[in-house]
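Below, each one is put to the test.

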Amino acid sequence: MTHSSDLTRLTAAETAARIASGRASAVEVAEAHLARIEAVDEKVHAFLHVDREGALARARTVDAKRSRGERLGPLAGVPLALKDIFTTEGMPTTVGSKILESWIPPYDATLTKRLKDADVVILGKTNMDEFAMGSSTENSAYGPTGNPWDLTRIPGGSGGGSSAALASYQAPLAIGTDTGGSIRQPAAVTGTVGVKPTYGAVSRYGMVAFSSSLDQGGPCARTVLDAALLHEAIAGHDPLDSTSVDAPVPPVVEAARNGDVKGLRVGVVREFAGEGYQAGVMQRFNESVELLRELGAEIVEISCPSFDKALAAYYLIAPSECSSNLARFDAMRYGLRAGDDGTRSAEEVTSLTREAGFGPEVKRRIMLGTYALSSGYYDAYYGSAQKVRTLIKRDFDAAFGKVDVLVSPTTPTTAFPIGERADDPMAMYLADLCTIPSNLAGNAAMSLPCGLAPEDGLPVGLQIIAPAMADDRLYRVGAAVEAAYHARWGHPLLEEAPSL
Amino acid sequence: MPGITREEVAHLARLARLELKDEELDHFAGQLDDIIGAVARVSDVADEDVPPTSHPLPLTNVMRPDEVRPSLTPEQALSGAPAQEQQRFKVPQILGEE
């Protein structure tokens, strides 16, 4: 089945080429995607807000530039779905929470500004777990998103709206944020590509904070090259973010155009296997390792003994930072204010507003963080978690002394049914088992499709992990794996998804 | 490690400015107890001689030039305020009555 005539089936690179050469106008491309959203998003619920007028206005600007003979950027006119965690001037930014339900930010995030400067057409804002806390998008205050492969299953989280928008051809590009796996796990369970860049590579200015030492924005796409093009557009130093890396962006696009693993040393992490890993996920992962070997990589088994404490350390560090970050939602300057009847004090109004505005997972994490940081428990919990973080960094340093990249399944299982883990926080947290170590250490990681699990026919993700500031390795390896799989399958994996 | 009681949850909620309902206290007590039981394994390393890592980047005191640059207007800054008066955020009473 080919859809070459359908503009929503093109990659971002193809779309940009068509617009640049005049074979399609940016307005036609935007209209095709807006029509697709209209047709399918009632079922998928990827978007919280669609900015029809803004998208068409941006597209007209691109067409006008072209007709004036101005040089267009590599993503000019390409539509994008933006996770609702980045501020957008004049457009709602809810973070999936009732506490920001009617907030219209007065400024653009640096990432939003870069997208606009690159003439990317922002279609709207995508659904997410409230404040990016979750692995299923069920924690959104605005209802869950369906996985386009099976609408009764989760699209991953927290960036489930972005991954579902890609997998249902509502946008060729999307933005996610990854604190413990929120770009990579949604990519894995929807058969798409997602990259968590090196910590500090993409500015956090205007990205609503959850856990500041872990949060990292990054690109989501249907192909490795598209992800690289988006990576290059959004990455780079930003003086407005004091944790932004002041160094050149690694050559990710060049790497994505030159996929190659010959002579590369690839480490298989022994600890990412065993109990809790679905058989079909391990089968596809082991085949990927075999594929890498056939493509000329040298496979080395690696042990990272501290990784078994990563999940525990993460669920102390992330809630601790969250309890501090979310203190800003005090009902005084912006966002919801509840219970202000003239008789209550500011403190009472704050408490009533936070009770009304935050959902259960956010409350759980705020209280968990408050507990971990309270006197008497601080050393045992938060202090120890920070030591584990050091040990995990050391494990990675030792591993990258022996190999160029590490590989693992992205997530232990395929997409689970909506509702299955909704009120079982510990079961939900296990979805991030393989992704969390890279957030704690700050290195770069990618997920890309490596087939369908035989037992349920759902997508499996292969995770590639590279050292900090070596993001280009992800793209070099990812492009080689992607090309080999496309040749083997005869088409991209997503073509096997049911039509909506 | 101690188990977490309903009273402790109520105390944490007060510290965190969350006016939890009674049924939430019961529900969260069980869940937080499970989570804390699971994450307590980090304390295996409590006595190890390992420096803590608070952040992936070794950055300290990042400065930028002290220059005047465009910023939000008062109208923009107040645009999300639940209540405002005379170009200020209007808040509920913060001091007790006389």
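The questions and answers that follow concern a predicted model.

Q: What makes strand E4 of chain A mostly covered?
A: A residue is called buried if 20 or more other C-beta atoms lie within 10 Å of its own. In strand E4 (residues 173-177) of chain A, 5 of its 5 residues are buried. So the strand counts as mostly covered.

Q: Which way do the residues of E4(A) point?
A: A:Leu173, A:Ile175 and A:Thr177 point one way. A:Ala174 and A:Gly176 point the other way. All of these are buried. In a regular strand the side chains alternate between the two faces of the sheet.

Q: How do you know that strand E2 of chain A pairs with E4(A)?
A: Pairing takes at least two DSSP bridges. Strand E2 (residues 79-83) of chain A is joined to E4(A) by 3 bridges, so the two are paired. They run parallel. One bridge partner of A:Ala81 in E4(A) is A:Ala174.

Q: What makes E4(A) and strand E6 of chain A a pair, and in which sense?
A: The cut-off is again at least two bridges. E4(A) and strand E6 (residues 217-221) of chain A have 5 bridges, so they meet it. The sense is antiparallel. In E6(A), A:Gly218 is the bridge partner of A:Gly176.

Q: Why are the buried residues of helix H1 of chain A placed on the same side?
A: The buried residues of helix H1 (residues 12-21) of chain A are A:Ala12, A:Ala13, A:Thr15, A:Ala16 and A:Ile19. They cover an arc of only 160° around the axis, so they sit on the same side of H1(A). They pack against helices H2, H3 and H7 and strands E4 and E6 of chain A. After H1(A) comes A:Gly22, with a positive phi near 85°.

Q: Which residues touch the most other members of the largest nonpolar core?
A: That core has 178 residues, and A:Leu80 is among those touching the most other members, as are A:Val121 and A:Ile464. Helix H10 (residues 310-325) of chain A gives the largest share, 10 residues.

Q: How do you know that A:Leu80 touches A:Leu173?
A: Contact requires C-beta atoms within 7 Å. A:Leu173 is on the contact list of A:Leu80, so the pair meets that cut-off. Also on the list are A:Ala174 and A:Ile175.

Q: What does each chain bring to the contact between chains A and B?
A: Chain A gives 56 residues and chain B gives 46 residues. Helix H13 of chain A gives the most to its side, with 13 residues. By class, that side has 28 nonpolar, 15 polar and 13 charged residues.

How values were computed. Residues are numbered from 1 along each chain as its sequence is written. Chains are lettered from A and ligands numbered from 1 in the order in which they are written. This is a predicted model: local features need pLDDT of at least 70, side-chain atom pairs count only at pLDDT 80 or more; totals for chains, interfaces and linings use all residues. A residue is buried if 20 or more other C-beta atoms lie within 10 Å of its own, exposed if 12 or fewer, and partly exposed in between; C-beta atoms are placed from the backbone. Helices (H or I, at least four residues) and strands (E, at least two) are DSSP runs, numbered from the N terminus. A nonpolar core is a set of buried Ala, Val, Leu, Ile, Met, Phe, Trp, Tyr and Cys residues joined through C-beta atoms within 7 Å. Two residues are in contact if their C-beta atoms, placed from the backbone, lie within 7 Å. Ala, Val, Leu, Ile, Met, Phe, Trp, Tyr, Cys and Pro count as nonpolar, Asp, Glu, Lys and Arg as charged, and the others, Gly among them, as polar. The arc is that of the directions from the helix axis to the C-beta atoms. Lists of a residue's contacts leave out its neighbours within four places in sequence.
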